[in-house]
Amino acid sequence: VQLQASGGGLVQTGDSLRLSCAASTSTFSNYALAWFRQAPGKEREFVAAINWTGGTYYADSVKGRFTISRENAVNTMYLQMNSLKPEDTALYYCAADRVLVTTNPQYAYWGQGTQVTVSS
């Protein structure tokens, strides 16, 4: 499975962005999906995940501001990010796995990352 993340950019505090992750598979609905992020000098951290039935999970730091969703008909996952803060600045990665959904970076497939920069 190949994953292609897009939608990052440079925004100001309080702005919104929507990230997309397109997958190259005809069995997209069979995958659990997630977003992780990594800031310079920091470890990769969990942001949000969505399972096969649409159940969602969020890091406490983004709960109430970010929304993860999936559109199986077009093999795409989204991350709607509202009320962005400078601490949200990072390279955002999408990930997928057929057998697990977790907050740990143990997913089998990863996209290349899209940069989100939030200025104060």
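The structure is a predicted model, in which local features need pLDDT of at least 70 and side-chain atom pairs count only at pLDDT 80 or more, whereas totals for chains, interfaces and linings use all residues. Residues are numbered from 1 along each chain as its sequence is written, and side-chain values use heavy atoms, with hydrogens and water left out.

**View 1. Four strands form an open antiparallel sheet in the order E1-E3-E8-E7.** Strands here are DSSP runs (E, at least two residues) numbered from the N terminus, and two of them are said to pair if DSSP finds at least two bridges between them. The edges of the sheet are strand E1 (3-6) and strand E7 (66-71), each of which pairs on one side only. From one strand to the next the twist averages 15°, with axes taken as lines fitted to C-alpha atoms and angles running from 0 to 180 degrees between N-to-C directions. E7 is joined to strand E8 (residues 76-81) by six bridges, the two strands running antiparallel, and Ile-68 stands opposite Leu-79 in E8.

**View 2. The largest nonpolar core has 35 residues.** A nonpolar core is a set of buried Ala, Val, Leu, Ile, Met, Phe, Trp, Tyr and Cys residues joined through side-chain atoms within 4.5 Å, where buried means under 20% relative accessible area, exposed over 50%, and partly exposed in between (1.4 Å probe, protein chains only). The residues with the most contacts inside this core are Trp-35, Val-47, Phe-66, Met-77, Leu-79, Met-81 and Tyr-92. Two or more residues come from each of E1, strand E3 (17-23), strand E4 (32-38), strand E5 (45-50), E7, E8, E9 and strand E11 (114-119). Leaving aside neighbours within four places in sequence, Leu-79 is in contact (heavy atoms within 4.5 Å) with residues including Leu-17, Leu-19, Trp-35, Val-47, Phe-66, Ile-68 and Tyr-92. In soluble globular proteins, nonpolar side chains tend to be buried together.

**View 3. Strand E4 pairs with E9 and with E5.** Six of the seven residues of E4 are buried, so this strand is largely enclosed by the rest of the structure. E4 and E9 pair in the antiparallel sense over seven bridges, and Arg-37 stands opposite Tyr-92 in E9. Five bridges join E4 to E5, again running antiparallel, with Ala-34 opposite Ala-49 in E5. E4 and E5 form a hairpin with six residues between them, and Gly-41 in the turn has a positive phi of about 80°.

**View 4. Salt bridges that share partners join Arg-37, Glu-45, Arg-65 and Asp-88 into one network.** The structure holds four salt bridges, each defined as a side-chain nitrogen of Lys or Arg within 4 Å of a carboxyl oxygen of Asp or Glu. Glu-45 forms a salt bridge with Arg-37, the closest N and O atoms being 2.6 Å apart; Glu-45 is partly exposed, with a relative accessible area of 36%, whereas Arg-37 is buried at 5%. Asp-88 also forms a salt bridge with Arg-37, with the closest N and O atoms 2.9 Å apart. Because Asp-88 lies in the loop between E8 and E9 and Arg-37 in strand E4, this pair ties together parts that are 51 residues apart in sequence. Arg-65 forms a salt bridge with Asp-88 at 2.8 Å between the closest N and O atoms, linking the loop between strand E6 (56-58) and E7 to the loop between E8 and E9, 23 residues apart. Arg-65 counts as buried at 11% relative accessibility. Side chains of opposite charge can pair when their charged atoms come close.

**View 5. Asp-88 is located in the loop between E8 and strand E9 (90-97).** Asp-88 is buried, with a relative accessible area of 0%. The side chain of Asp-88 reaches the backbone nitrogen of Lys-85 at 2.8 Å, a polar contact (a pair of N or O atoms within 3.5 Å, in which, within protein, one must be able to donate a hydrogen and the other to accept it, and residues adjacent in sequence count only if both atoms are side-chain atoms). Leaving aside neighbours within four places in sequence, Asp-88 is in contact with Arg-37, Arg-65, Phe-66, Ser-83, Val-116 and Val-118.

View 6. Val-118 and Leu-84 are 34 residues apart in sequence and 6.8 Å apart in space, C-alpha to C-alpha. Not counting residues up to four places away in sequence, Val-118 touches Val-11, Gln-12, Thr-13, Leu-84, Lys-85, Pro-86, Asp-88 and Thr-89.
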